[in-house]
Amino acid sequence: MQEYERKQLLERIGREGSTLGVDIPERIEIQGEEIDLREFVFEIKRRETVPAGERDRVERAKRNLRRERLERKALIEEGEISFETGESVANAIIGIDRALEALESLGAESVAAEAKRQEAADTKRWMDFLKKALGNDDGPRIGGR
């Protein structure tokens, strides 16, 4: 691969918005293991929130995807590969980036949704407390009042 081709591929994978319109790869090999990446991401995103037992699995997947991305980027930067192989590696990196974006956004939404639920529960408890403290709790009244 020529040096200008290498720079072109590196610029492409580093470009903001490079994942727009890109599909998550169906399958990908990470650390020597074949993974149904698209199915995994869609399975996790289908849920409203990530259950506690799945959070570790999602975090592990994100770490593995980041590690794989770095290894593939290093292959483009330093490897003696053809431009065609480099293009294939760059496409895989962009697919990994797309999967990471999907998994990262899920975490942010889950945290925001949890914060919103906590705030609503706190507000309800506060209102219940105020009603009782002010004697406006609409509960059964003693003496018919």
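**Entry 1: Glu84 and the ground rules**

I began at Glu84, which I found in helix H4; helices here are DSSP runs of H or I with at least four residues, strands are runs of E with at least two, and both are numbered from the N terminus. This is a predicted model, so I kept to its limits: local features need pLDDT of at least 70, side-chain atom pairs count only at pLDDT 80 or more, and totals for chains, interfaces and linings use all residues. Residues are numbered from 1 along each chain as its sequence is written, and side-chain values use heavy atoms, with hydrogens and water left out.

Is Glu84 buried or exposed? I noted it as exposed, because its relative accessibility is 56% (buried is under 20% relative accessible area, exposed over 50%, partly exposed in between, with a 1.4 Å probe and protein chains only). I also looked up Met1: its C-alpha atom is 8.6 Å from that of Glu84, although 83 residues separate the two along the chain.

**Entry 2: the overall layout**

I read off 4 helices and 2 strands in the protein chain, in the order α-β-β-α-α-α. Of its 145 residues, 29% are buried. I then checked contacts (heavy atoms within 4.5 Å): among those between residues at least 6 apart in sequence, 69% join residues at least 24 apart.

**Entry 3: the cores**

Next I looked for nonpolar cores, meaning sets of buried Ala, Val, Leu, Ile, Met, Phe, Trp, Tyr and Cys residues joined through side-chain atoms within 4.5 Å. The largest has 15 residues, and Ile24, Leu37, Phe40, Val41, Leu65, Ala99 and Leu103 have the most contacts inside it. Strand S1 (28-30), helix H2 (37-46), helix H3 (52-78) and H4 each give this core at least two residues. Which element supplies the largest share? I found that it is H4, with 5 residues.

**Entry 4: salt bridges**

I counted a salt bridge when a side-chain nitrogen of Lys or Arg lies within 4 Å of a carboxyl oxygen of Asp or Glu. The whole structure has 14 of them, and I wrote up these:

- Arg6 pairs with Glu3, with the closest N and O atoms 3.5 Å apart. Both sit in helix H1 (residues 3-14), 3 residues apart, about one turn of the helix. Arg6 counts as buried at 7% relative accessibility, whereas Glu3 is partly exposed at 47%.
- Arg57 meets Glu43 at 3.3 Å, N to O. This pair links distant parts of the chain, Arg57 in helix H3 and Glu43 in helix H2, 14 residues apart. Arg57 is partly exposed at 30%, and Glu43 is partly exposed at 23%.
- Asp122 bridges to Arg125, the closest N and O atoms being 2.2 Å apart. About one helical turn separates them, because they are 3 residues apart in helix H4.
- Glu59, Lys62, Arg66 and Glu104 are linked in a salt-bridge network.
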